[in-house]
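Dear colleague,

Please find the structure below.

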Amino acid sequence: MSQLIFNPPVIAHRGASAYAPENTLVAFTKAAQLGIKWIEFDVMPAACEKPIIFHDDLLERTTNGKGDVQNYSYDYLATLDAGRWFDAKFSGEKIPSLQTVLLFLEVSGLNANVEIKGLANGGEKLVIRVLKEMQDFLAHTSSTILFSSFSIETLHLLRAHAPNCLLGLLLHEYNPDWEQLCESLRCVSVHVNNEIITQDFVQEIKGIGRNVLSYTVNDVERARELYAWGVDAVFSDVPDKIANAVSAKNLF
Ligand code: G3P
Ligand code: MG
């Protein structure tokens, strides 16, 4: 089982999202400026089926739009302000398309965890579209690209359509079938909610040769505890603080 490399052992959750509006290019750029090597972002389809980078079902919290994101084509979504809610200095920041973020990854050389939203309709169109848009990038990039989803159906679709992709099993709650799922999906990693992770569970996952990631960890002492348990990396909104604290302790 291939092992992923996390150095520093931090993934910028939705970009450096404590310092810049989540899931935007400025948040991803900030992560790179902080010396972080991995970013995580969320992918869902616009009404026109174009994959976009966005977390919530609704536009209200992080844009000046209203309603269900997936009801709008990207032509409209691209006109919204996805930065001002965070701070006036980010006014004009846009909801990125997946294609735009791929260009950013090419230029920055960052590694990425691409989290794909599970959809009620099964999500096969989204998975096919994402993989099509990423096909050329995946063929030549030296970045590590790790796909994940809370949806087991989506993970199966990713494995079926991209037999060689790196997959991570994302667990919000404990799933007693996790080991069998890791085997059948050939997952390289398990991404466990910080609220449910235990030392024993970390050891079990490590015992079958998978990387363990945990989300979302913004407390330095908690990060140190998780690393001591064997967690390989944490998703954090303050990735620099976690990285600096670990670095100060010479843990990597
Ligand atoms: O992939 C880790 C983390 O991003 C999962 O939770 O809701 O922030 O996408 P969420
Ligand atoms: Mg996410």
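A residue is taken to be near a molecule if one of its heavy atoms lies within 4 Å of it. The residues around ligand 1 are, on that basis, His-13, Arg-14, Glu-40, Asp-42, His-55, Glu-115, Phe-150, Leu-170 and Tyr-215.

This is a predicted model, in which local features need pLDDT of at least 70 and side-chain atom pairs count only at pLDDT 80 or more, while totals for chains, interfaces and linings use all residues. Residues are numbered from 1 along each chain as its sequence is written, chains are lettered from A and ligands numbered from 1 in the order in which they are written, and side-chain values use heavy atoms, without hydrogens and water.

Polar contacts here are pairs of N or O atoms within 3.5 Å. Oxygen atoms of ligand 1 lie 2.7 Å from a polar side-chain atom of His-13, 2.7 Å from one of His-55 and 3.1 Å from one of Asp-42. The protein covers 90% of the 290 Å² of accessible area that ligand 1 has on its own (Shrake-Rupley method, 1.4 Å probe).

Ten aromatic pairs were found in the whole structure (ring centres within 6.5 Å). The rings of Tyr-215 and Phe-235 have centres 6.4 Å apart and planes at 80°, so this pair is edge-to-face (over 60 degrees). Both residues are buried (under 20% relative accessible area), with Tyr-215 at 12% and Phe-235 at 2%. Phe-28, Phe-41 and Phe-104 form one aromatic cluster.

With kind regards

Technical notes
Rings of Phe, Tyr and Trp (its six-membered ring) pair if their centres lie within 6.5 Å; planes under 30 degrees apart count as stacked, over 60 as edge-to-face and the rest as tilted. Buried means under 20% relative accessible area, exposed over 50%, partly exposed in between (1.4 Å probe, protein chains only). A polar contact is a pair of N or O atoms within 3.5 Å; within protein, one must be able to donate a hydrogen and the other to accept it, and residues adjacent in sequence count only if both atoms are side-chain atoms.
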